[in-house]
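Please look through the sequence and the 3D structure below before reading on.

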Amino acid sequence: MSDTIVWISGATGGIGSALLRHMPYKGARVINLDRQDAAGCENVRFDLLDPDSWERVAAHFADELGRFKGRRAIFLQQAFVQQGMGIIGKIPRDGYRNSLTANFVAPVMLAEAFLRASRPGYELGLMLMSSGSARGTLGQSAYGAAKAGDRKST
């Protein structure tokens with residue numbers, strides 16, 4: 001049994017995939033949270049646009065951390081829905097609403113569920129990072145500076 005459990009949302013691409021490939025904890029149990037499966041780890045299906053799936057992830061956190069006997073629990077929120085990108089006022093409102101729900105509300109709800117499920121004594125790690133756009137544009141509705149940094153380092 002590993003002393004480290006790591007959840008990565010969006011380990012199927014972008015920064016999440018890079019984190020999966022370069023996991024610094026040898027032997028860590030890694031779980032991808034995504035609509036698609038990632039190779040090389042366990043997978044739990046969820047969708048940033050589906051609040052019911054957030055509740056399933058919350059129950060998963062509670063179940064796994066309730067049984068966890070290790071010392072380190074980490075949640076890395078990387079998943080991103082690429083809707084509502086563009087200039088505010090020129091993009092469809094539904095797309096913008098979906099972007100806000102998936103990329104701002106869902107990560108906070110998932111982080112809260114992770115922290116609620118955690119128990120005293122763990123070394124906790126929590127990182128919320130989007131990777132929506134490599135370059136900011138004046139008036140753009142979403143921008144992920146982390147992706148620009150990631151591209152320069154690869």
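**From one residue to the whole chain**

Glu112 is found in helix 3, and the structure in which you see it is a predicted model. Because its relative accessibility is 34%, Glu112 counts as partly exposed, a label used for values between 20% and 50%. Although Glu112 and Ala58 are 54 residues apart along the chain, their C-alpha atoms are separated by 8.7 Å.

Two packed helices are described by the angle between their axes and the distance between the axes. Helix 2, which covers residues 51-67, packs against helix 3, residues 93-117, at an angle of about 25°, and their axes are 9 Å apart. Since angles under 35 degrees count as roughly parallel, helix 2 is therefore roughly parallel to helix 3. The crossing in which helix 2 passes helix 3 is right-handed. On the side of helix 2, the contact is made by Trp54, Val57, Ala58, Phe61, Ala62 and Leu65, while helix 3 brings Thr101, Val105, Ala106, Met109, Leu110, Ala113, Phe114 and Ala117. Of the residues in this contact, 13 are nonpolar and 1 is polar, and no charged residue takes part.

In soluble globular proteins, nonpolar side chains tend to be buried together. Which residues have the most contacts inside the largest nonpolar core? They are Trp7, Leu33, Phe61 and Leu65, in a core that has 22 residues. Two or more residues of this core come from each of strand 1 (4-9), strand 2 (29-34), helix 2, strand 4 (72-77) and helix 3, and helix 3 gives the most, with 6 residues. Another core, of 11 residues, lies apart from the largest one, and among its members are Met23, Val30, Ala38 and Leu76.

Leu126 lies in strand 5, residues 123-128, and because its relative accessible area is 38%, Leu126 is partly exposed. Not counting residues up to four places away in sequence, Leu126 touches Phe75, Ala111, Phe114 and Leu115. Leu126 and Trp7 are 119 residues apart in sequence, yet 9.7 Å apart in space from C-alpha to C-alpha. Ser17, in turn, is found in helix 1, residues 14-21, and because its relative accessibility is 14%, Ser17 counts as buried. With residues up to four places away in sequence not counted, Ser17 touches Gly10, Ala11 and Thr12.

It remains to step back to the chain as a whole. The secondary structure comes to 4 helices and 5 strands, which, read along the sequence, follow the pattern β-α-β-β-α-β-α-β-α. Of the 154 residues in the chain, 45% are buried. Among contacts between residues at least 6 apart in sequence, 61% join residues that are at least 24 apart.

Definitions and conventions
Residues numbered from 1 in each chain as written. Predicted model: local features only at pLDDT ≥ 70, side-chain atom pairs only at ≥ 80, totals over all residues. Heavy atoms only, no water. Axes fitted to C-alpha atoms, helices over the stretch in contact; angles between N-to-C directions. Parallel < 35°, antiparallel > 145°, perpendicular 65-115°, else oblique. Left-handed = near helix turned anticlockwise from the far one by under 90°. Contact = heavy atoms within 4.5 Å. Nonpolar A, V, L, I, M, F, W, Y, C, P; charged D, E, K, R; others polar. Core = buried A, V, L, I, M, F, W, Y, C linked by side-chain atoms within 4.5 Å. Buried < 20%, exposed > 50% of the residue type's maximum accessible area, 1.4 Å probe, protein only.
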